[in-house]
Each structure stands twice: as C-alpha cells, then as structure tokens.
Amino acid sequence: MKILKNNFILFFIFFYFSFLLGINGSEFEINTPSVAASNTAGTFSTIQPITEIKFDKSNLNFVAEWDVNANSISNVSGSTDSSEFALNYGVWGPDYNYLVSKVSSPSLKANVDYLFSFDFKLGQKLGQYNNYKNMSLSFYIPEDIQYFLWAPRTPIYTITFTGNFSSTTYQSRTLTFKSTIDIGYSTMVLRINRVTDTGPTPLSVYFRNMKLTIPSKTITTPINLLTKDSELVIIPKPSDSLDPQDLSKCPYLASDLVHWNDPSIWPNSVVPSPNQNITLPSGKRVLISPFSISQTEIYNRIVVPVNSELIFADQDITMNVKDIYVQGKFIIGTKLCRYNSYINIIFNGAKTLNDTIAPFFGSKGIAVAAGGFISVQGKQYHNTWTKLSSTAWSGDRVIYIQDNVNWEVGQQVLLTTSIYKDELDNQNEVMTIKAIDGKKIEFTDPIKWYKYGSQEYQSEVALLSRRIVFSGDESSASTSFGGHVLSSGEMQFAGVQLKRMGQKNVKARYPLHYHLGGTLNNSFISDCSVTNSYYRCYTIHGTNNVTLTRNVAYDVYGHCYYLEDGVEVDNILSYNLGSYVHTIGAPAAGPSQFGEIFYQNSELTQPADSSAACFYITNAWNSFIGNAASGGWAGYAFPNLPKPIGNHRTVNIVPMQYPIKEWQGNTAHSSGYFFEDGASIYIGGNLTFNEANGMLIYHSGRLARNTYLNGIFNEDNVVFNRFNNTKIFLSNNGIGFWGETVEVVGFESHDNKLPASVFGKAWVHNAIVNGQSGNILSLNSFTRRGFQFYDTYVQTVLSNIIFRNFVHSPAATLRDNDNVVFVGLTFSDLFKPQYISATINITFQNVLQKQIIGHEDVVDSGSSRQFNFIDWDGSVTSSFTGRALGLPQIVGAHELWWKFDSSCLFNTDWNVWVCNKGTKGVANIEFWIPGFMEREVPQDPDSYIGTISLFGSGITDERKTLLTRNAGITGVSNMGWYVYWTIGTPAYFRIWTAQIQYGEYIFLAIPYPSGTKFSISSEYDYNSQYTYTFTQTTSALLVKQGNGKQYFFDGTHLFLKLVNFMNTGSSSESFNRAGIKIPNIYWSYIYNVRATNTAKPPVNGYFLNLPNVRPSSTL
C-alpha cells in the first residue's frame, strides 16, 4: 500500500510539471492573436478526379402508364452485385416505361461532356414482344415529373440513343452527352422504349453498373472571387481576432489542486468506483487527468458540492457518465485558458423521465444549480462559419470561402443548401477537410449538389468539429433521447461540439440550456456547434443578459435558438448560424392565412414546434446581429404571447408588446414554404396557456401585435419594429409581418416568391428586390412578384427600391401569375383597398415595361375593381407615360371609374389607368343600410345592387363601377360620385367616411323622388362634440364650395359634400415616410341620411323606380 501511495505521488508530480513545461515555451504571456492569413495543411490535388453517381434499385422508381407493382423493379435473386437490378414486366404492358431517379440530379455545366453508362441484358431471348428499340435520357424540372405520364412537360434536356439491347448476356453501353445550357435543379429520367407492348407472357430485363459520370478536370482558382457578401446591405462580421489568452491563469496550474486518483481525499481512503454515486470531497479542487479515471467504464453519478470544484486537465480524455450535478464549479478550460486537447464527455442512459441528476433536473446530462458555475472552453476555431466566394458545382472537391479560418485537416464542414425547399430535398452536405490553405479548402469526397456563391447570395460554410465534444451515447438515436446541459447558474461554453443531444418532447432537456438563471453577469455560449440534436440547440429560459455568439447548429428537431417563456430580455444573439431545422410532427400549414391550431400532447409538448424555426423569439427585446438561418419552417419566428408561459405564467408583462431591441444584418433562406403565408422571418402565430387544462395552444396563422415602449400599452408610445440590413433568399415570403408597425430599412430579396408581406403601418426602404439570381437551382421553380399590395386596412410605403430581373414566364396565363413587379391582392369582394399603398424612387433593371404591373380583372371582386396605389414621383409609370419624374400619378384599376380627367392613360399590358394626381387624392367610404348592407358582414360577391359613377368636371360619358352588398367603395377624391341603387334608394342609410383626408372631399349625388324631405347629420361615435345637423342650401354648387355641413336637393338628386370633420391636417392623421403621406382609416365618423316623401313614399324602406340620370357635367 505504501509503495502504491509513493508511486501515485511521483506520478502526480510528473503530471503537474508536464503541464508547466508544455505551455508555449518557458514564459506565460497574454496575447490576442488574429486568424492567420494562411492556415496551410494537407496536400492539394491539381486534378479533380471523375465523380460517379451510381443508380440501382434503392434510388430508382419504376414508372409506367399501367402494369406497375411492388415487384416491377427488384434485386436479382442470387446476385452478389449490389448494383444489379431487374425490371419485371407483366402481360400486355405498355410499350415504354421510365426509370426515375429518387434523388435530385447533379448540376451539369453547359458544353461539358458527361457520361451515362450501364450494362444491359434481356431476361428472355429476343422475340416479337421482347424487342427494345432505343432509350432516352432526360432531365426534368422536378415538379414536372408528376405530369409526364398524362400531360408531358418538355424536359430541360433529352437525348435518345440506341445500343445492343438484344442480348441475353450483359452488353455495356456508354453515352456521351452535353447540354447547351446549364442544368441546375432537375430529376434524371431514363425512358426505355420497346418495339411493341409486352405481350402475353411476363418478361424481364436486367441492368447493372448504371452511373452518371462527371469528368475529371484541372483544378484552377476561379477568377473574380467575391470580396463582399452583399451588394447593398451590410452584414456585420465578428472581429478577426481570437479571444485573448493568459496561460498563466490555466486552472490546472493552481497549487491547491488534488488529484481524483489520490485515495487520501476520499472517504476511507478509497477512490470510488464508476458504478457508485460519487460526491467530491468538500472544499477540494479535484483534477481529472486521463490516468486518473476509467475512460471506458460508465460513471453513474457525480456531484460537485457547493464549495468544491471539478477541473479537467488539458489532455486527451474520454469520460462516460450518466449524470453530473454541479453545485460548486465544473471546469474544462476557461475564457483565458482555452484547452487544446481532445476531450469527450459521453452521456449514457436509457430514456426515462425520472430526475436522476437532481430534483427537476432530469437525467443523462449535466445540471448546474443556482449559484453553481460551469466553464467548458476548447480551442477556438475562427471563423466558425463563413460563405462561399465562388459557386461550387457537383463533382467539385475544392471550394473557396470569404474569410480566413484556422480549421484543420480531418474536420467536418457543413455546406448549406442552395435550393428553396430545404426539408423536402436535403442538399445540405457534411464534408471532411483533406487540405486547407487560407480561404481554399479541398474535401476528401466530391460535392454532390450545386452550391451557389455569387454576389446576390452564397451558401454558408460552417465548421462542425470541435476538440471538446459532449455527446449522447450511440443508443440515443433509437429513442431520440440524448444528453443535455442545464444551468441555473453562470455558464460559459466555447469551442464545444454537442452531438446526439437533447431529449425530444421532454421540456427543459436541451443540448445547452440557461434555465431560470434570472439576470446573469458572466455567461456566454461562443463558437460551439450543435449537430444531430433531438430537441433544440441553444436555449435561454427565464434568463437575461447572456450572449450567444459565433455558434453553429445543424440537423435539429424543434426550435433551435430558443427563447422559451416570453420573459427573456436583454440577451445578445450575434453571428450565429442555424440550419436544417425540422418541425416535430406535421408542419403547420392550413388553407388560408389563419393557419392551423395545435394542442400540446405527449408527441408535441411545445405545439409551436409544428412551425420550428432556426431562431424562436418569444420576446423581441433582445439583440440580433449578423445571424444566418438556413432552412426551418421559418428562419426567425416571433410568435405572439399575450402572457408569459411555463414557469413565468404569473409575471405581469405582455411579451408580444415588446418591440425588437436591435436587429442588424441578419439573413435567412430556404424556408417559409410549408404555409402559403409562411415566411423566412415570420412575425405571427399565437401561443397561449389554457389555465383549465394546463396545456399550451398554438395558432400558427394571422395574429397581429402592437408594440410599445417598455412593452407597456400606451397609444402615445408606439414603437416600430425595425429590421435593418436584412437579406432573404429562396423563400416564400421573405418577411411575413402580421403586425401593426414595421420598418424594413436596408433589404435584399433574391429568388423569393414575394420579398415581404407586411401589415399595418409598413415602410420598406432602400432595397434590392431581385426576381431571378444567377442560381441555376432556382430557375423555373416558382412565380416571383416584386410586391403584392394588400387589399384593406394597411398603410404601405415603398421607397428607394431597385426591382431587378422580373422576366415574363411563357407558362403564365394571367398577368398577376407572371413574374411581375407589382400586383394586388384581388380575390375578395368583402375586403377592398382604400388608399393604402404608395411608392417613390423606384428603379427597374432588366424588367420590361409590361412586367412592371400585373393587374387582372377578377370577376365579382371589389378588390380587383378598386385596386389602386399612388406612384408618388412617377418613377413606376414614367416609362409608359413619358412624364417627367416628380409628378405624382394615381394608378387605378381597369374600370373607367378611375379615369377622372384627360390626363388618364390606359395601359393594356398592365390593365390599369395612370393619371396625373394633381389636386386629387384617393378616398374611401362605406354605405350602410341597416339589416341589408353593413360593415364586414359578408355577402355574396355577385350581390350587385347598383353602380357608382363619376360626374361633373366636364365628364359626359359613363365612368362607373359596380356596387354590391359588401360595403365599401374607393375612388378619386375631390370629384363627384353619383350613386344609383338598382334596389331603390334607401330611405335611411349611413355613410362611414373611412378615409377622406384633410382638405379633400367627395361630392356625392343620390337620386330621390321630387318632394323628398331630408334630415341629415354627422357624428363621431365616441365624442358628441363633432355632431352636426346639416342645413339645406340653394344650389349644388354652394354645397360643393361649402364647408360640408349643407345639402341641396334639386328635385332629382340629393347633393352632399362628404368630409371628415375630425381631421385637422395633423401629422398624426397619416402614416408618413419618405415624403409620402397615407391617411389613416378614421373609425366611426358617420353621416346619417333620412328621407321622407308623403307623395311618393318608400316601399319597404326604398324609393323605387327612380330614373338613372347622372347630374350635370358642369358641376
């Protein structure tokens, strides 16, 4: 025993001084190194070898018009060749069939020779019904595959070839082919053409060694490598400097350490065995080295008491453990002494909901109690992610990146997708570094999928590997029950990879998790990676003032960067990347903008995971700087929480009322497509807690938010949500804002269906909206529109925007289904646009004039008939009108109702009128007839009840639009409007002056029988001070020239001048941005019109059989 003890002491002395001698020479120093301009390792190839994409039964589908069954394509019985497969035909089958690749094809460059090859033989001898004349190799747009049997689409490329298809022994066929155009996103199809149908007996043919070969090439550095990632917006980047280090502060150098393997520190002088519950000795700082613990046995449970510390040596160590509970300190490296060794902590254990770590802290992981401290900080790799500086093609092994990195040979790197529907076709790739030199990287294997890297946008390139790894054990995958790290105290993680972590649908069991920490002062998660997570990535729960920076996440279930309860504020999320994030269960969809409702259950414990996002933000009062989101239901989700949830249900705040604290230079792509109103940045949905049953409810669709100073409701302290320097590409809606106040300033949109769908008071300023980039994967994939003006109750200003590359689609059958810049939402008769949209300083690049506006005459749609916007400086319409810039133009729908003077020109391509605005404006009113026609009471869209026409101002022809029972009419102000009801003029009706701005009016004329008497008043529902009783004057002209409180009846027409007496011209009466004013909708200022006639009384409340005669054109 004495010998053992002496040996241990000698070992410990040796071990301790080995650290002293191994620290960067003989002196300690504080330094702040930068990432080396050239980090060179490995040997680069000069020739790129061929790449073979192999096909067999596993990745091919058999397709035919009929005679298809599970055995149509099969493995060959008795064959040891995995590439060999058979096609089995029934009797009297069709004379051709297809083999369709299950995976997307590689990208193919124009004018490059590619090879398609296979071996083929007949299963039976050549005969009348067993005769093959040729085959066709084609590449189709993937969406067209579903049609090609019954309504064939034209392939992107096709070639028909012959060969020896008559032998019962294998014959090889190699086809050399080249396309004249680049082929991006496509599906390979081989059509096999027979001479006849298959005849009266079953037949078979055999293939083997089928492959598509990408040729070898000399590797050369591309010209014009990107030096910046954006044309317009500024995407901030972290400092080039590595974190400063002071190696004299390394924790393993402390003089008061005791060694784990020192028996004297343990009870009874016996080192505990792994299967025990181990509590560190009180008051001790215990050092773990690779020699002091078993690196294969599983430690059951380790407790670090309040006044104790567990410190790892900076040496290669593997620890298998079930549970660790930290009340004191747990240290594997510090901020000033980041470890360089390879340290693996593997969490073991079967799935359980029992709290084996400590009460409320779960199992299979590390939990840090309040007051405890954990620091795990490994070698710093910087940058943790960057972007391509040049496009990479299928078969390439060398890529070029934008930033210097200090990555290493053998490490794993993620290349994010360059396609739109990330979840439906996973083209993210994890590669291994073979060689690296500065911004040039070679991989051990070829890249499968095209990765775009041009000025518009670039695929991200992220380092997944770290030297310190926390992971769930190998059995974790079968139950989606990995390890987890939870801290209620200060937590510092840096340079750590966490894989197979998280416990699906178990709340609070996430890879890295700040849990109910309150306001912390010394906590951060930096340059870590989370990969293959079963439940989230980085969670901030009931914790404030922490920083998540330069982290990476890939392949994650549920929301990734996760602010949990709605009380988390003043945190900083900067320079993080989230990618390939999956919903739990079916993705939220729904046939309308109201989405779907999800209820908490055992398979979906957080129902908002049905719309899992890379960044999930329940309280916006946090800072978001330089982050990137690739994939997910959304890239960034801001759900509306009317109250906090979870542990904070009693906290008296309204999370959804907090504005964004800081948003600067964030990007997103490849998301938003599961829901027709989904977006890469999605501000919408609603998450609530049902007090009756204790369950969460998530409503995924349209729910709005108002935001105020300090999150406290006060109409005088409204705060806009401001998105600065945002870039979105390959998205459905770039930004989807179901809210009331938003500003998008500095914005790039590329290859999106729509750049933004923004509600309420919305300003989009200083932007590039690019309909089609150079990304060949995005060609022909969907229709792009530059902006869709909404149909009611919003105020939208678009200023300083370049619209680029909106090119006519030959497949478009309607104007608004084409690739056009401006369209309107025109499907509804209930909702009709007021003056709610305006533009200024709009520029077009590679946009033909006919693609600028796409307006359709939609039958039975008031929103189509009343489509309008104001081109405030003429920059939208000047190419058509030829008018000088600076002259405001009213753009109105297709009907003559919008032709208010001789300046109006009709554009047949756009299907709209364009008129000099002059002194005119756009106004909106609603007629309400009690019990028949009321506000937002839906009626049939074809419930036509009359017309409204322009009169006066020299107009002699009929310029009208239709009236339906759906209230609301929008038209040009400071004009005469003549209303004729085919149902008869109502004896009593109300007029809501929804939008008549200060200084404007509507000169209204309505027919009545002679002898009619009137009682007319106006009122504001909320203040009797603005109630007026109207008096009769002596002429229509005096009404028009008057103050709006008179009326005149000439025996045929009642004349009224509609104004809104509430308006004073104050700036608060309109939304004002970029020199544009859009007036507010003024709720509940109402005119009441009552008419009586004893000689010709109304019938059932209506005066019938009145002549339809417009008033004089001279008025």
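# Exercises on disulfides, a sheet and a pocket

Cys537 and Cys560 form a disulfide in this predicted model, with their sulfur atoms 1.9 Å apart.

## Exercise 1

Determine the handedness of the link between Cys537 and Cys560, and state which parts of the chain the link ties together.

Solution. Begin with the torsion about the S-S bond, which is about -105°, so this disulfide is left-handed. Cys537 is in the loop between strand E39 (529-533) and strand E40 (538-544). Cys560 is in the loop between strand E42 (552-557) and strand E43 (561-563). The pair therefore ties together parts that are 23 residues apart in sequence. Finally, check the burial: both Cys537 and Cys560 are buried.

## Exercise 2

Solution. The link has 95° about the S-S bond and is right-handed. Cys250 sits in the loop between strand E16 (245-246) and strand E17 (257-259), and Cys337 in the loop between strand E23 (329-332) and strand E24 (343-347), so the bond connects parts 87 residues apart in sequence. Cys250 and Cys337 are both buried.

Cys904 belongs to the loop between strand E65 (889-892) and strand E66 (905-907), while Cys915 belongs to strand E67 (residues 912-916), so the parts tied together are 11 residues apart in sequence. Cys904 and Cys915 are buried.

The structure holds 3 disulfides.

## Exercise 3

Explain why the sulfurs of Cys528 and Cys614 are too far from another cysteine sulfur for a bond.

Solution. A disulfide requires sulfur atoms within 2.5 Å. For Cys528, the closest cysteine sulfur is in Cys537, at 12 Å, which is too far for a bond. For Cys614, the closest is in Cys560, at 6.3 Å, again too far for a bond. As to burial, Cys528 has a relative accessible area of 0% and is buried. Cys614 is also buried, with a relative accessible area of 0%.

## Exercise 4

Work out which strands stand at the edges of the open sheet of 6 strands, and find the bridge partner of Arg990.

Solution. Write down the strand order, E71-E68-E74-E83-E76-E77, with antiparallel pairing. Strand E71 (969-972) and strand E77 (1023-1029) each have a single partner strand, so they stand at the edges and one side of each lacks a neighbour in the sheet. The twist from one strand to the next averages 25°. Then look inside the order, at strand E74 (residues 988-995) and strand E83 (residues 1085-1092), which run antiparallel and are joined by 5 bridges. Arg990 has Asn1088 in E83 as its bridge partner.

## Exercise 5

Characterise the second largest pocket by its space and its lining.

Solution. The space in the second largest pocket is about 800 Å³. Its lining consists of 29 residues, and Leu779, Asn780, Ser781, Ser809 and Pro810 lie nearest the centre. Sorting the lining by class gives 12 nonpolar, 13 polar and 4 charged residues.

Key:
Residues are numbered from 1 along each chain as its sequence is written. This is a predicted model: local features need pLDDT of at least 70, side-chain atom pairs count only at pLDDT 80 or more; totals for chains, interfaces and linings use all residues. Side-chain values use heavy atoms; hydrogens and water are left out. Two strands pair if DSSP finds at least two bridges between them. Helices (H or I, at least four residues) and strands (E, at least two) are DSSP runs, numbered from the N terminus. Axes are lines fitted to C-alpha atoms, for helices over the stretch in contact, and angles run from 0 to 180 degrees between N-to-C directions. Buried means under 20% relative accessible area, exposed over 50%, partly exposed in between (1.4 Å probe, protein chains only). On a 1 Å grid over the protein atoms alone, a cavity is a set of points where a 1.4 Å probe fits but cannot get out, and a pocket is an open set with protein on both sides within 12 Å along at least five of seven lines; lining residues have an atom within 4 Å of a point. Grid points are joined across faces, edges and corners, and a volume is the space filled by probe spheres set on the points. Ala, Val, Leu, Ile, Met, Phe, Trp, Tyr, Cys and Pro count as nonpolar, Asp, Glu, Lys and Arg as charged, and the others, Gly among them, as polar.
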